[in-house]
Amino acid sequence: MRIHLALRRHVVPLLLAIGLVLTASAAAHPATPRPVPLRVATYNIHAGAGEDEVFDLDRQVRALRSLDADVIGLQEVDVHWGERSQWRDLARELGHRLGMHVAFAPIYSLDAEPAASGPTPPRREFGVAVLSRHPVLRVRNHEITRLSTQGENPLPEPAPGFLQATVAVRGIPLDVYATHLDYRPDPAVRAAQVADMLRVMDRPCPGRCPAHLLLGDFNARPDAPELAPLWTTLHDADPGAPTFPASAPDRRIDYVATSAGIDLRRTWTAPTGIASDHLPVVADLHLTRR
């Protein structure tokens, strides 16, 4: 009994001292959190039609599945839009068939033509979407400058269709933005759209703002002057290859762009045959906890 007490008098202080040293060492050298891998893609799905202008959603699903991406930004998404896509909800169908969460932001949302009988048809919508294997926490549809294709003699004015989907990637919030910029040769509208997008992405947020991705069809080459402001704050994940037109691509107009807090590992264009008139851009990323 006396031996045990003697040992306790010496051992207990020693253990306390070791614990204090380890605690101090951990405080001085905190463990570096491991980066979280994420594969993302952007893809203009051409309203479900291939470069042959044949609507084939099965072909699109195969192309999307082949990307094996965790997050995908989509452009030219029809939701009950018209005969070209068989009046189907492409956003919901693609999400269901791929087993992914869906966020959709209409650029156009129009009244349906009245039915002769039966229930009122759903609204005709066309826009952008985000598919995500990770939970979608919040969805916002922001306005940016647009020159409408749905009326005569349009003027540039604010209109929706700049999607912000906040997703939770293993506990890390990430703002994913999906966009589709103006296609016309005059860059003025695209320049206004870039300024508008930057204002949205730079808005203050409670606490520390999440890192963000910008995915989309910009309808301009990387060196276009109207895109230059983007590259002052975002990194262009350049795949080193053109993306349009799909069968014989000669220019890159599709982009994955990343903010601080995201490390780019590799990026490429994915061969998908003629499932669309664009090729997808795919990127492997690492997210860091901020």
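**Sheet.** I started with the strand order. Six strands form an open sheet in the order β3-β4-β2-β1-β12-β11, and the pairing is mixed. I noted that β3 (101-110) and β11 (262-269) stand at the edges with a single partner strand each, so one side of each has no neighbour in the sheet. From one strand to the next, the twist averages 20°. Strands pair here if DSSP finds at least two bridges between them. Strands (E, at least two residues) and helices (H or I, at least four) are DSSP runs, numbered from the N terminus. Angles run from 0 to 180 degrees between N-to-C directions, on axes fitted to C-alpha atoms, for helices over the stretch in contact.

**Ground rules.** I kept in mind that this is a predicted model, where local features need pLDDT of at least 70 and side-chain atom pairs count only at pLDDT 80 or more, while totals for chains, interfaces and linings use all residues. Residues are numbered from 1 along each chain as its sequence is written, and side-chain values use heavy atoms, with hydrogens and water left out.

**Totals.** I counted four helices and twelve strands in the protein chain. Of its 290 residues, 48% are buried. Buried means under 20% relative accessible area, exposed over 50%, and partly exposed in between (1.4 Å probe, protein chains only). I also checked contacts, meaning heavy atoms within 4.5 Å. Among contacts with a separation of 6 or more, 69% join residues 24 or more positions apart.

**Strand β1.** I asked which strands β1 is joined to by bridges. Seven bridges join β1 to β12 (residues 281-287), and the two run antiparallel. Five join β1 to β2 (residues 71-79), and this pair is parallel. On the β12 side, Arg39 stands opposite Asp284, and Ala41 has Val282 as its bridge partner. On the β2 side, Asn44 stands opposite Gln75. Eight of the nine residues of β1 (residues 36-44) are buried, so the strand is largely enclosed by the rest of the structure.

**Helices on the sheet.** I then looked at what crosses these strands. Helix α2 lies across β1, β2 and β12, at about 155° to β1. Helix α3 (residues 90-98) lies across β2, β3 and β4 (124-132), at about 140° to β2.

**Helix α3.** I looked up which residues of α3 are buried. They are Leu90, Ala91, Leu94, Gly95 and Leu98. These residues cover an arc of only 125° around the axis, which puts them on the same side of α3. The arc is that of the directions from the helix axis to the C-beta atoms. An α-helix has 3.6 residues a turn, so residues three or four places apart point the same way. The buried residues of α3 pack against α2, β2, β3 and β4. Arg92 and His96 are exposed on the face turned away from the buried side. At the N-terminal end, Asp89 is the cap: a side-chain oxygen lies 3.3 Å from the backbone nitrogen of Ala91. Gly99 follows α3 and has a positive phi near 65°.

**Cores.** I searched for nonpolar cores: sets of buried Ala, Val, Leu, Ile, Met, Phe, Trp, Tyr and Cys residues joined through side-chain atoms within 4.5 Å. The largest has 30 residues, and Val40, Val130, Leu174, Val176, Leu213 and Leu287 touch the most other members. At least two residues of this core come from each of β1, β3, β4, β6 (157-169), β7 (172-180), β8 (211-217) and β12. A second, separate core holds 24 residues, including Leu98, Ala129, Leu131 and Ala275. I listed the contacts of Leu174, leaving out residues up to four places away in sequence; among them are Leu38, Val167, Pro210, Leu213, Ile262 and Leu287.

I finished with the loops. His46, in the loop between β1 and α2 (57-67), has a positive phi of about 55° although it is not a glycine. His46 is buried, at 15% relative accessible area. Asp68, in the loop between α2 and β2, also has a positive phi, near 50°. Asp68 is partly exposed, at 41% relative accessibility. The peptide bond from Phe244 to Pro245 is cis, with omega near -10°. Pro245 sits in the loop between β9 (235-236) and β10 (254-258).

Key. A polar contact is a pair of N or O atoms within 3.5 Å; within protein, one must be able to donate a hydrogen and the other to accept it, and residues adjacent in sequence count only if both atoms are side-chain atoms.
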